Each structure stands twice: as structure tokens, then as C-alpha cells.
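Please read the following points with the sequence and the model open beside you.

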Amino acid sequence: MSWLAGCASHLPAWACGLGEMLLYLVPSLALAFLIWMVTRAHPVFFLFSAVGTFCHELAHFSVGLLLGAEPVGFTIIPRRNGRVWELGSVSFANLRWYNAAPAALAPFLVLFVPVTVAWWRTRAPWHFGPADLALTLLLAPQFLSFWPSPVDWKLSARSWPYLLIIAAGGLAYCWFQTSLFRFVKG
């Protein structure tokens, strides 16, 4: 009995599909861990994370451009900043409360790259081949680059009014939800 057939007898099909996608991404996750280990050893190993850095900064740039933050600088050339290395940066001319959090937290969108590739490769019955090895090498840095940097988190704090909007929306939902059920039950 194959893994998928055994899975399908116990779980829904969508859960088995997610399991296959996760299984496909395990080599990329392992390689990402290895890259993370060696980049701490010597700065020359930053080359392994160049693809991920490019995607990270491109996410900032793209979302900032779409939301009117006006990106004015884009670099993926590593430079020393005190005791740490800055692998890349994007600078904005019009960062406001309404676009700061989406532009600063845009690297979370980088996770869609490995998930989409895994979905594409596991839609049909698959076997790990040479093309998948190349994809593993391209996907591993994405797992290292999706998390926003501490500077990104500080910039996202400029969007604190979103917290008020979300809280007001949640309160309105709770108030309308309870009053709706009050009319239905009565």
C-alpha cells in the first residue's frame, strides 16, 4: 500500500496533499538549516543566501511600490553594519501609517514561492529527480529569508492605527453577532 493510499484511508484528501507538499519541502528545509549553519561560520557563505535575500528585498520593493511607499533604494550587496551583516535593504520615500506594516512585513509573501512550487510538483504522482534537486537549491534560501528583520518589525509599528481598526471591527462583529442571535432566538 502506498503512503498516499494509506493516508487517504485515515485523513481527508486535502490533508494528504499537504503532507505530500511538506514531504517535498523537507530537503529544502534541511538545506536551509545547513546554509544557516555555514553562514554563521564565515561571511563568504552569504552567497548561498543571495537568492533568498533578493526575494526578501523584492517583496519589500514590490509591496511598497503597490501601496505608494515610493521605494527609492534597492540593494542586495552585503555590508557590515556594526557587529552584524546587512544582506540587503530597500529604502522608501513615502512610508506612512497605512503602508508601513504591509511594506515592512512583505517578506512573509516569500513563503508562497516554496509552497507554490511544492503544490505544482506534487499535483501528480512524483519522484524526486534532478529537476527537484535544482529546485531544492533555489527554495532553501527562501526559508531563511521570509522572516522580517528587527528593522522591519520596528517600521511596521508605524501602522499602529491598524490595531484600532481591527479592534473596532472585532467589537462591531461581536456586538452585531450577539444582537443578530438575540433577534433570531426571540
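1. Asn99 sits in helix α4, where helices (H or I, at least four residues) and strands (E, at least two) are DSSP runs numbered from the N terminus. The model is a predicted one, in which local features need pLDDT of at least 70 and side-chain atom pairs count only at pLDDT 80 or more, while totals for chains, interfaces and linings use all residues. Residues are numbered from 1 along each chain as its sequence is written, and side-chain values use heavy atoms, with hydrogens and water left out.

2. Is Asn99 buried or exposed? Asn99 is buried, with a relative accessible area of 0%; buried means under 20%, exposed over 50%, and partly exposed in between, using a 1.4 Å probe and protein chains only.

3. When neighbours within four places in sequence are left aside, Asn99 is in contact with Leu67, Gly68, Ala69 and Asn94, contact meaning heavy atoms within 4.5 Å.

4. Helix α4 (residues 97–104) packs with helix α3 (residues 50–66) at an angle of about 155 degrees, their axes being 8 Å apart. The two are therefore roughly antiparallel, since angles over 145 degrees count as roughly antiparallel, under 35 as roughly parallel, 65 to 115 as roughly perpendicular and the rest as oblique. Axes are lines fitted to C-alpha atoms, for helices over the stretch in contact, and angles run from 0 to 180 degrees between N-to-C directions.

5. His60, Val63 and Gly64 of α3 meet Pro102, Ala103 and Ala104 of α4. By class, the residues of this contact of α3 with α4 are four nonpolar, two polar and no charged; Ala, Val, Leu, Ile, Met, Phe, Trp, Tyr, Cys and Pro count as nonpolar, Asp, Glu, Lys and Arg as charged, and the others, Gly among them, as polar.

6. Helix α3 also packs with helix α6 (residues 130–145), and their axes come within 7 Å and cross at roughly 55 degrees, so α3 and α6 are oblique to each other. The contact joins Val51, Gly52, Thr53, Cys55 and His56 of α3 with Leu138, Pro141, Gln142 and Ser145 of α6, and its residues divide into four nonpolar, five polar and no charged.

7. Within helix α6 lies Thr136, which is buried with a relative accessible area of 6%. A polar atom of the Thr136 side chain lies 2.8 Å from the backbone oxygen of Asp132, and, not counting residues up to four places away in sequence, Thr136 touches Pro27, Ser28, Leu31 and Phe128.

8. Glu70, in the loop between α3 and β1 (71–75), deserves a look, as it has a positive phi of about 55 degrees although it is not a glycine. Glu70 is partly exposed, at a relative accessible area of 44%.

Definitions and conventions
A polar contact is a pair of N or O atoms within 3.5 Å; within protein, one must be able to donate a hydrogen and the other to accept it, and residues adjacent in sequence count only if both atoms are side-chain atoms.
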